[in-house]
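Hi everyone, thanks for coming. Let's have a look at this one together before I walk you through it.

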Amino acid sequence: MSDTTSSSASEVIPDRPAARNGRSGGPSGDMPTVGEVPVPALDAGVEEEREYVGLLYRRLDELREEKETQLSEVRSTGAVGTMQNVSERDAFATMYEDRLAQLNAVDDRLVFGRLDLDGGDCRYIGRIGLTTAERQRLMLDWRAPESGVFYQATAFDRQGVRRRRHLMLRRRDVQGVEDEVLDPDLLEETAENHGDGALLAALNARRTGQMGDIVATIQAEQDRVIRSDLPGVLVVQGGPGTGKTAVALHRAAYLLYSHRERLKSAGVLIVGPNSTFMSYIDRVLPSLGETGVVMSSVAELYPGVRGVEEQDSRVAEIKGRLQMAEVIGAAVAQRQRTIAEPREVDVDGVKVSVTPAMINRARERARATGKPYNEARTTFVKVVVKDIAEKLERILAKRSEGNEADRSYLVEDVRTARDVRVLLNLCWLPRTPQNLLEDLWSRPAYLEAAAPMLTRTERDLLRREPGEPFTVADVPLLDEAAELLGYLDESAGREEARQKAARERQLEDARKAVENATPAMAEMGIEGFLSAEDVVSLNEETAARLSAAERAQVDRTWTYGHVVVDEAQELSPMQWHVLMRRCPLKSFTVVGDIAQGSSASAATSWQAAMEPFVGERMRVEELTVNYRTPRRIVDLAEAVARSEGLDITSLRTVREGDHAPAVDQVADDAVVPAVVEAVDAEFGKVGDGLVAAIVPERLHASARRALRERFGERVGDGAGSLSQDIVVLTADDAKGLEFDAVVVVEPAELREEAAGRIGSLYVALTRPTQSLHVVHSGELPAGFDAR
Ligand SMILES: Nc1ncnc2c1ncn2[C@@H]1O[C@H](COP(=O)(O)OP(=O)(O)OP(=O)(O)O)[C@@H](O)[C@H]1O
């Protein structure tokens with residue numbers, strides 16, 4: 001058994017240089033080799049590189065075949081033998097499956113870089129590490145420490161790099177090479193292939209509606225963020241198009257590689273603003289060979305609920321306050337009541353008096369357990385039932401003149417007596433998070449008692465009818481309620497405890513199994529690929545084949561090893577509060593742009609947003625180059641933002657752009673037809689690209705209808721349609737996305753929709769990669785005159 005791809009930082013890769021140019025650094029020395037494998041010389045062109053790339057693909061195919069054979073052999077073994085044998089078999093099967101999935105995922109543009117170093121060493125950089133069957137290195141994983149210089153070296157700080165070569169592949173074929181010569185001595189010897197063409201080619205490429213990876217062209221300031229240490233809170237501030245999303249996703253892949261042991265079992269959570277955005281980014285990590293990550297929009301963080309949009313931003317702001325945690329706490333506590341007077345209950349025809357003292361005593365006992373509300377209720381019920389049963393026993397003893405009743409029957413009679421159940425529910429009602437929240441919003445008296453700190457107007461704003469769907473802003477409140485209420489069904493709590501204990505025992509078995517398997521895996525150059533946790537999940541009957549990621553997704557109480565938050569400027573304090581609970585270690589990558597904030601609770605500074613949760617303990621990095629939007633469009637967007645008082649740092653841009661922004665003013669009733677014309681005109685400019693119309697809510701349906709009339713099926717609908725030619729979006733939905741051309745409709749209205757905050761208009765203006773077209777009937781916001 002041998003496997004020589006590298007999957008983890010802890011893998012043992014013999015540090016044998018793969019390629020050494022025969023004559024140190026010379027352009028045309030003897031052909032260097034890896035074992036018997038020739039490596040193209042420094043002055044090699046596309047043809048020679050093609051040969052080497054062909055060799056890498058042959059190796060990839062060989063490994064894939066090997067894994068397929070191993071997997072079918074292991075599967076055919078069947079589930080026989082001791083528990084430990086079964087664990088070992090399953091452990092190997094999972095390992096082969098994961099590896100196969102990884103090998104399949106990295107097929108497209110497997111290799112993208114080559115470094116030629118002082119002293120003649122040469123390194124190929126690709127999506128994963130590859131070695132020959134004799135364990136000689138063929139290609140390095142981009143995340144390996146030795147690959148760092150590929151992204152970091154500059155002419156001023158060469159870090160031993162003579163030349164950085166970008167190999168530009170289409171699928172498996174080398175289409176071209178691009179060289180950056182850093183060593184001045186080499187400049188004279190190599191005449192061709194200079195420039196930053198790989199980056200420009202990537203930036204000019206037509207957009208597909210799906211975000212791609214940037215692994216071949218990560219820039220130095222981005223690389224520093226990606227490779228930053230795991231612990232603590234890292235905040236990445238960056239203007240539009242600076243690659244925050246790309247960097248956040250590559251960082252997740254990097255962390256999974258360099259801390260695989262820890263993160264594979266605990267998992268990594270990636271949180272984004274909405275489901276459109278989540279589907280836009282969902283292919284990036286698989287293309288980097290990483291699949292075990294949980295992705296969730298803020299609307300889906302509470303399992304089983306998908307929050308709808310909160311229509312009124314004032315309501316969203318109130319529900320987002322940290323204070324709401326107190327409101328939920330008070331609402332929970334209020335559901336425990338006592339009785340003012342003794343009360344008679346009927347147990348099988350016998351009247352028993354229940355006193356306030358009995359209720360109070362039971363309540364104190366229950367509270368003293370420190371358990372969540374529903375679980376503490378179990379103690380309350382037990383104490384009250386026992387007290388009533390004792391009273392009943394005494395009454396019956398008196399009546400039957402000393403004949404003893406069977407205590408256990410009495411307890412059961414009391415427990416099932418209707419009067420008793422009514423009384424118990426009156427004093428301590430069992431609750432679900434959903435019905436607690438529903439009561440809070442639909443019963444003014446209840447809300448008033450729980451939220452005296454809110455004004456009357458604020459409470460009135462929160463009012464809604466029972467049965468209406470929960471909103472995004474309700475999601476953290478449901479989570480808070482679930483935390484305080486605990487399990488409704490006491491047996492669910494017990495079942496959970498039982499499962500925990502069983503899991504502990506299985507973990508012990510699994511540790512032994514993994515220990516046994518480890519030497520064999522190390523022999524294959526694989527360490528840390530499989531943990532005892534993985535083996536246990538394989539053995540669990542209920543979670544027969546669930547990965548940590550899959551288990552985490554359905555478990556509200558799951559705690560992750562790392563959490564990545566995108567568009568983080570939009571999060572409310574309550575949303576942060578809940579996210580912090582998902583990662584008690586406080587290992588976060590937080591990316592966003594304060595200037596783009598448009599939600600009712602948007603942060604005004606990172607310090608203000610994070611301080612309640614992490615104090616001063618965070619590090620802030622800034623990204624400064626806009627890779628998406630050409631200079632001419634950025635100038636306009638920045639002028640608009642500045643005239644509205646936004647404090648933004650001017651971004652550097654990579655491209656000047658071929659098209660000046662177009663602005664069409666039309667009559668009120670001509671806006672929708674003008675949008676259709678503008679979309680048409682933009683196709684004229686950008687050819688087959690993607691065009692988005694970003695419109696106020698009011699015009700969404702009519703603009704879509706008109707575009708469909710003209711362009712038919714080419715007009716997409718909803719989150720799944722980003723890859724269609726034309727999409728109609730609100731400014732909120734456009735967050736984080738990009739298109740070849742964008743038609744921004746009624747900019748002043750877009751600003752008003754976000755309660756006058758300029759952030760959403762700034763977002764809309766910075767979505768194009770090529771061309772911007774503005775259509776308006778009303779006044780233009782200030783800043784447009786700077787064109
Ligand atoms: N190093 C790079 N190489 C190639 N493309 C890049 C690079 N950095 C960023 N890009 C591209 O620039 C575009 C913008 O990146 P991304 O969406 O990550 O930016 P962002 O900062 O999250 O933007 P916004 O805040 O405006 O949503 C994407 O198409 C991305 O692929």
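**A quick walk through the model**

Let me start at a loop: Lys-586 sits between α24 (573-582) and β17 (588-592). When I say helix or strand, I mean DSSP runs, H or I of at least four residues for helices and E of at least two for strands, numbered from the N terminus. Before going on, note that this is a predicted model, where local features need pLDDT of at least 70, side-chain atom pairs count only at pLDDT 80 or more, and totals for chains, interfaces and linings use all residues. Residues are numbered from 1 along each chain as its sequence is written.

Back to Lys-586, then. Its phi is positive, about 55°, although Lys-586 is not a glycine. Most residues other than glycine have a negative phi.

You'll find Glu-746 in the loop between β24 and α29 (747-753). Glu-746 is buried, since 23 other C-beta atoms lie within 10 Å.

**Zooming out**

The protein chain has 30 helices and 25 strands. Of its 787 residues, 46% are buried. By contact I mean two residues whose C-beta atoms, placed from the backbone, lie within 7 Å. Taking the contacts in the chain with a separation of 6 or more, 73% are between residues 24 or more positions apart.

**Around the ligand**

Now the ligand. Which residues are closest to it? The shell has 23 residues, and the closest are Thr-217, Pro-240, Gly-243, Lys-244 and Thr-245. Near here means that a residue's C-beta atom, placed from the backbone, lies within 6 Å of the molecule or strand in question. By type, the shell splits into eight nonpolar, 11 polar and four charged residues. Helices α5 (197-204) and α7 (244-258) each give at least two residues to the shell.

There's a record to go with this: an unreviewed UniProt entry annotates Gly-238, Gly-239, Pro-240, Gly-241, Thr-242, Gly-243, Lys-244 and Thr-245 as "binding site". Such annotations may be inferred rather than shown by experiment; the positions are in the numbering used here, and feature names are shortened.

Let's pick two of those. Gly-241 lies in the loop between β11 (233-238) and α7, and Gly-241 counts as buried because it has 28 C-beta neighbours inside 10 Å. Beyond four places in sequence, Gly-241 contacts Asn-626, Tyr-627, Arg-628, Thr-629 and Thr-766. Thr-245 is in helix α7, and Thr-245 counts as buried, with 26 C-beta neighbours inside 10 Å. Not counting residues up to four places away, Thr-245 touches Met-211, Ile-281, Asp-566 and Gly-736.

On to the nonpolar core, meaning a set of buried Ala, Val, Leu, Ile, Met, Phe, Trp, Tyr and Cys residues joined through C-beta atoms within 7 Å. The largest one has 195 residues, and those touching the most other members are Ala-252, Val-675, Ala-693, Ile-694 and Val-745. Helix α7 turns up again, with the largest share of this core, 10 residues. Ala-252 is in contact with Val-268, Ile-270, Leu-285, Val-293 and Val-564, leaving aside neighbours within four places.

Last stop, helix α27 (residues 671-686). What does α27 pack against? Its buried residues include Val-675, Glu-682 and Val-686, and the buried residues of α27 pack against β21 (662-665), β22 (691-694), α28 (697-711), β23 (726-729), β24 (739-745) and β25 (768-776). The 16 residues of α27 should span 22 Å at 1.5 Å a residue, and its end C-alpha atoms are 22 Å apart, which agrees. That expected span is 1.5 Å times one less than the number of residues.

Definitions and conventions. Ala, Val, Leu, Ile, Met, Phe, Trp, Tyr, Cys and Pro count as nonpolar, Asp, Glu, Lys and Arg as charged, and the others, Gly among them, as polar. A residue is buried if 20 or more other C-beta atoms lie within 10 Å of its own, exposed if 12 or fewer, and partly exposed in between; C-beta atoms are placed from the backbone.
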